[in-house]
Amino acid sequence: MDCDSTCELSKQMAEVFKALGDANRMYLIYLLASDGKERICVTELAEQLGISQPAVSRHLSTLKYAGIVKSEKDGNHIYYTFDREAMVRYKANIDLLFTSVMRKCDLLEKGV
């Protein structure tokens, strides 16, 4: 099957959906986006989330792979920040995907 641009976009967004598909990762995004600090270390995030530091690190790794967070090493600590620009792009891609799907459904309902 040839993959058109919507199909390619769907494949690209699959990683984002996987990353967003976990309650702890969603809460990490919320903490990073709303904390008011420029950056937050894993230790502080683990305390706020109430889960182990290794678990937070794994979640952050998934979010980083999906391009939702950025990391910066400073001494012995790694600090994380929320990538707002990436989320704006992802939202636009999600809107495009849903619009394409709904347009296709509308055409099918009309028998076109």
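Which residues have the most contacts inside the largest nonpolar core?

1. The core. The largest nonpolar core has 23 residues, and those with the most contacts inside it are Leu28, Leu32, Leu45, Val56, Leu60, Leu63 and Ile68. A nonpolar core is a set of buried Ala, Val, Leu, Ile, Met, Phe, Trp, Tyr and Cys residues joined through side-chain atoms within 4.5 Å. Two or more residues of this core come from each of helix 1 (5-20), helix 2 (23-34), helix 3 (42-49), helix 4 (53-65) and helix 5 (84-110).

2. Basis of the note. This is a predicted model, in which local features need pLDDT of at least 70 and side-chain atom pairs count only at pLDDT 80 or more, while totals for chains, interfaces and linings use all residues. Residues are numbered from 1 along each chain as its sequence is written, and side-chain values use heavy atoms, with hydrogens and water left out.

3. Elements and overall form. The protein chain has five helices and three strands. Read from the N terminus, their order is α-α-β-α-α-β-β-α. The radius of gyration is 18 Å, well over the 13 Å that the globule rule gives for 112 residues, so the protein chain is more spread out than a compact globule. Helices (H or I, at least four residues) and strands (E, at least two) are DSSP runs, numbered from the N terminus. The radius of gyration is taken over C-alpha atoms, and the globule rule is 2.2 Å times the number of residues to the power 0.38. Along the principal axes, the C-alpha trace spans about 60 × 25 × 20 Å.

4. Of the 112 residues, 28% count as buried. Buried means under 20% relative accessible area, exposed over 50%, and partly exposed in between (1.4 Å probe, protein chains only). Among contacts with a separation of 6 or more, 50% join residues 24 or more positions apart; contact means heavy atoms within 4.5 Å.

5. Where does Leu28 lie? Leu28 is in helix 2, and this residue is buried, with a relative accessible area of 0%. Leaving aside neighbours within four places in sequence, Leu28 is in contact with Leu45, Leu49, Val56, His59, Leu60 and Leu63. Leu28 and Asp74 are 46 residues apart along the chain, and their C-alpha atoms are separated by 20 Å.

6. Val16. Val16 has its place in helix 1. Is Val16 buried or exposed? Val16 is buried, at a relative accessible area of 2%. Beyond neighbours within four places in sequence, the contacts of Val16 are with Ala66, Ile68 and Tyr90. Val16 and Arg103 are 87 residues apart in sequence and 23 Å apart in space, C-alpha to C-alpha.

7. Asp95 is found in helix 5 and is partly exposed, with a relative accessible area of 37%. Gly21 is in the loop between helix 1 and helix 2, and at 64% relative accessibility Gly21 counts as exposed. The C-alpha atoms of Gly21 and Asp83, 62 residues apart along the chain, are separated by 18 Å.
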